[in-house]
Amino acid sequence: MDVVSDAIAAVRTGRPEANKLRVRGRWCVRLAPYEGAGFHVALTGDCWLRTDTGTAIALRPGDAVLLPHGAGHVLADAPTDPARAVPFAEVQGIPPAPAGPGTVEFLCGKYRLDHSRTHPLLAELPDVVHLPHDDTRTPEVRAAISLLAREAGAPGPGSCAAVPSLLDLLLVYMIRAWTAQAHAPARWPAALADPVVTEALRLLHSAPAEPWTAERLAARAGVSRATLNRRFTALVGRPAMAYLTWWRMTRAATLLRTAHAPLESVARQVGYGSPYALSHAFLREFGVTPGRYRAGLPAAR
């Protein structure tokens, strides 16, 4: 696995959803904050997005926006007073407006995510990631949007399988586009561009149960222990071994909530020799025992 794939898999819950909507004339809808991430793609016509924190973005045909932290926001035909917005659910139940001048058609979707296990790469994403249609650096985003719009607009055999897969692909491409374009103070785009740190992360994510040491990891990355520690800490925000401990706990939390394997099996998969050793580390990290966490009881932090 790689960092982006693991970061998404660690927080995913349920299946992603998407709707294709068409409106016309004067309109203004509000989407409340939610536990997950959302996106919008303007297919035809112009519209505006305004977050609850005041960020306003003009959307042109082909533009895509990702709201990775589930921020509440308003979509409207023009810059407007959010107070006049109606709940988004009311618009979903109205038959599509006929095509014509002033028609706006867009894709709306959301991903159910458990933000209690958010990877720091995802935590660094801003409230809104705007990907303009004319950005030549994101052809894969355009391709995914084209396929998704076709499936959402005219479902065919296999669409129930195709749409969630395309939604997953779009999320990966949007995050990848941000990592390629983001600048300081964001750390993770720089971390993923550093060959030494990238190799160390690849090793830790592909084999978290290995008995890694700082020396062994540095040797595999082709640098000294001091060099790896300096570069990894500067770009990731914590030493490699501390990151490994955190990732093992995050991976254990995912397994506890999504699999039925006994605790001993979970411990082995994340590099702990016994359920007791895992429980001790898990309690220290999450403030709750693995059993209580699996039962759905909230973590202390």
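Two strands count as paired if DSSP finds at least two bridges between them. Strands β2 (residues 28–31) and β7 (residues 73–76) run antiparallel to each other and are joined by four bridges. Within this pair, R30 of the chain faces V74 in β7.

A quick word on where this comes from: the model is predicted, with local features needing pLDDT of at least 70 and side-chain atom pairs counting only at pLDDT 80 or more, while totals for chains, interfaces and linings use all residues. Residues are numbered from 1 along each chain as its sequence is written, and side-chain values use heavy atoms, leaving out hydrogens and water.

Zooming out, the protein chain holds 13 helices and 10 strands (DSSP runs numbered from the N terminus: H or I of at least four residues for helices, E of at least two for strands). Its C-alpha atoms fill a box of roughly 65 × 40 × 40 Å along the principal axes. Of the 301 residues, 45% are buried, meaning under 20% relative accessible area with a 1.4 Å probe, protein chains only.

As for contacts (heavy atoms within 4.5 Å), take those between residues at least 6 apart in sequence: 74% of them join residues at least 24 apart.

Conventions: Buried means under 20% relative accessible area, exposed over 50%, partly exposed in between (1.4 Å probe, protein chains only).
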